[in-house]
Amino acid sequence: MVPVVYASFTLDEEPVIAIALDEKPKGNPRALRRVRNILERPEVALVIDEYHEDWTALAWVLVRGAASLIEPGDVGHPEALAALRQKYPQYARMRLEQRPAIVIRHLSTTSWRGAEQDDNQPSPRLGREELAALVRGRRSVRAFETRSVPRVIVEEAIAAAGWAPSPHGRQPWRFVVVESQERRDALADAMAETWRTQLRLDGQDETIVEARLQKSRDRLQRAPVLIVPCLFLEGLDAYPDADRQHAEKTMAIQSLGAAVQNLLLSLYAAGVDGGWMCAPLFCPEVVQAALGLEPTLDPHAVIAVGFAATDPVCRPRLPLDELIVDWQ
Ligand SMILES: Cc1cc2nc3c(=O)[nH]c(=O)nc-3n(C[C@H](O)[C@H](O)[C@H](O)COP(=O)(O)O)c2cc1C
C-alpha cells in the first residue's frame, strides 16, 4: 500500500490515471518496490478517501485497474505529465520528461457517500467552517517581517489566480514576481517619485508627503516578495464600436480582481499574508520602465507578500440586509 498523488486524463479515448515517479528517490525508478510489484502483477486498487468531521459528508471512491509503466517517448507520456502538472504545480519544476510514470487503465469504480443525503440539497464541497476561516480570516497586511516566502507558495498562489473566472476563459492577466532587493528598491523609488509629485499637486504639507512616502516605501522594501498583476489584453476580442470595446476591457479588469482574490486566498491558506496596493494604476508607465516590462503588460497593482509583522486590523463588514438591496 503506497500513498500517492494522481491525476486523470484520457488515453486512447479511455479515462486513465497517472502517477508520477518523481525525482526522489534518486536512481532507477524501476527498482522501486511499487514498480516491481506492478510489473509482476498489474492489478491495482486506488482508494480516494474523503474525510470530514461532518460524517454526512464522508465519501470514498475505489478504483480498480491495470497498472503499467509508461516510458518517455510512449504515446500518452506527455499527456500524463501535463495532467499531473495541471493538478500539482510542484511538478512544473521537476524534470519528469526522462522518467517513466505509472498509468492505470481499464478502470472500474465503486464509490460510497455518507448519510442519506437529501437529493434536493446540494452536497457541500468544502466544510462551511473551513470556508469561513479562509474568506473571513484573510486581511490586508501592511507591515511585513523580512523573512522570505517559500517559492512554491508563490507559485501555488499564482496558479490559483489562473483558476479565476475570466472573459471567454482567456485569462487576460499576467503576473510579475519581484523578489530581488535591488528590483524592489527600484520599483519603490520609481513609484515614490510619481506619488510625491501627485501629493504636492494636492497641496499636501511637505512633512506629511514625506511620512506617507516613507510608509509606502517601507512596505515595498520590507515585504520579501512583490507580485505585480498586469492586465494583458492581447487575447481579447476586438470590436468596431467603443462601447463593446469598453465592456470587454471592463470584463478583463473585473476578472483581474477575481484572480487577485484567488491569489490572496491561496497565500492566506498557506499561512502567508498579502497586501493589495493600487499605486501602479496611477503610474503604469513608471512601473513598466522600472521593471523592464513589455508595453502589452499593464500593471494594475502591487501585492506585497510576506509574513505580517503585527496583527492587521479587521474592518467591520456590512450586515447582510445592507448587502442585499432587493430579493425579488
Ligand atoms: C482594488 C483595491 C486597491 C487597494 N489598494 C490599497 C492600497 O493602495 N493601499 C492599502 O493599504 N490597501 C489597499 N487595498 C486594501 C483595502 O484597503 C482593504 O481590502 C480593505 O480596507 C478591507 O480590509 P481587508 O482586506 O483586511 O479585509 C486595496 C483593495 C482593493 C480591492
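**Figure 1. Burial and overall make-up of the predicted protein model.** Of the 328 residues of the protein, 36% count as buried, where buried denotes under 20% relative accessible area, exposed over 50% and partly exposed in between (1.4 Å probe, protein chains only). This is a predicted model, in which local features need pLDDT of at least 70 and side-chain atom pairs count only at pLDDT 80 or more, while totals for chains, interfaces and linings use all residues. Residues are numbered from 1 along each chain as its sequence is written, and side-chain values use heavy atoms, with hydrogens and water left out. The secondary structure comprises nine helices and 10 strands (DSSP runs numbered from the N terminus: helices, H or I, of at least four residues; strands, E, of at least two). Along the principal axes, the C-alpha atoms fill a box of roughly 80 × 55 × 50 Å. Among contacts (heavy atoms within 4.5 Å) between residues at least 6 apart in sequence, 76% join residues at least 24 apart.

**Figure 2. Helix H5 and its covering elements.** Helix H5, residues 181-201, contains 21 residues and reaches 30 Å from its first C-alpha to its last, close to the 30 Å expected (1.5 Å times one less than the number of residues). Its buried residues are Arg 184, Leu 187, Ala 188, Met 191, Ala 192, Thr 194, Arg 196 and Leu 199. The elements covering them include strands E6 (173-178), E7 (225-231) and E10 (302-306), together with helices H6 (206-222) and H8 (284-291). Just after H5, Gly 203 adopts a positive phi of about 80°.

Figure 3. Arg 184 is buried yet has no salt bridge, a salt bridge being a side-chain nitrogen of Lys or Arg within 4 Å of a carboxyl oxygen of Asp or Glu. The nearest side chain of opposite charge, Asp 185, is 6.4 Å away (Lys and Arg count as positive, Asp and Glu as negative; His and the chain ends are not counted). A polar atom of the Arg 184 side chain lies 2.6 Å from the backbone oxygen of Ala 223. Leaving aside neighbours within four places in sequence, residues in contact with Arg 184 include Val 178, Glu 179, Leu 220 and Leu 226.

**Figure 4. Residues around the ligand.** An N or O atom in the side chain of Ser 140 is 2.6 Å from an oxygen atom of the ligand. For Arg 315, a polar side-chain atom lies 2.7 Å from a ligand oxygen atom. Cys 278 places a backbone N or O atom 2.9 Å from an oxygen atom of the ligand.

Figure 5. A search of the whole structure finds 12 salt bridges. The side chains of Glu 97 and Arg 85 meet in one of 2.8 Å, N to O. This pair links distant parts of the chain, with Arg 85 in helix H2 and Glu 97 in the loop between H2 and strand E5 (101-113), 12 residues apart. In helix H4 (residues 151-162), Glu 155 and Arg 151 lie four residues apart, about one turn of the helix, and form a salt bridge whose closest N and O atoms are 3.0 Å apart. Glu 155 is partly exposed, at 23% relative accessible area, whereas Arg 151 is exposed, at 56%. Arg 93, Arg 151 and Glu 155 are linked in a network of salt bridges.

Notes:
Polar contact = N/O pair within 3.5 Å; in protein donor to acceptor, adjacent residues only side chain to side chain.
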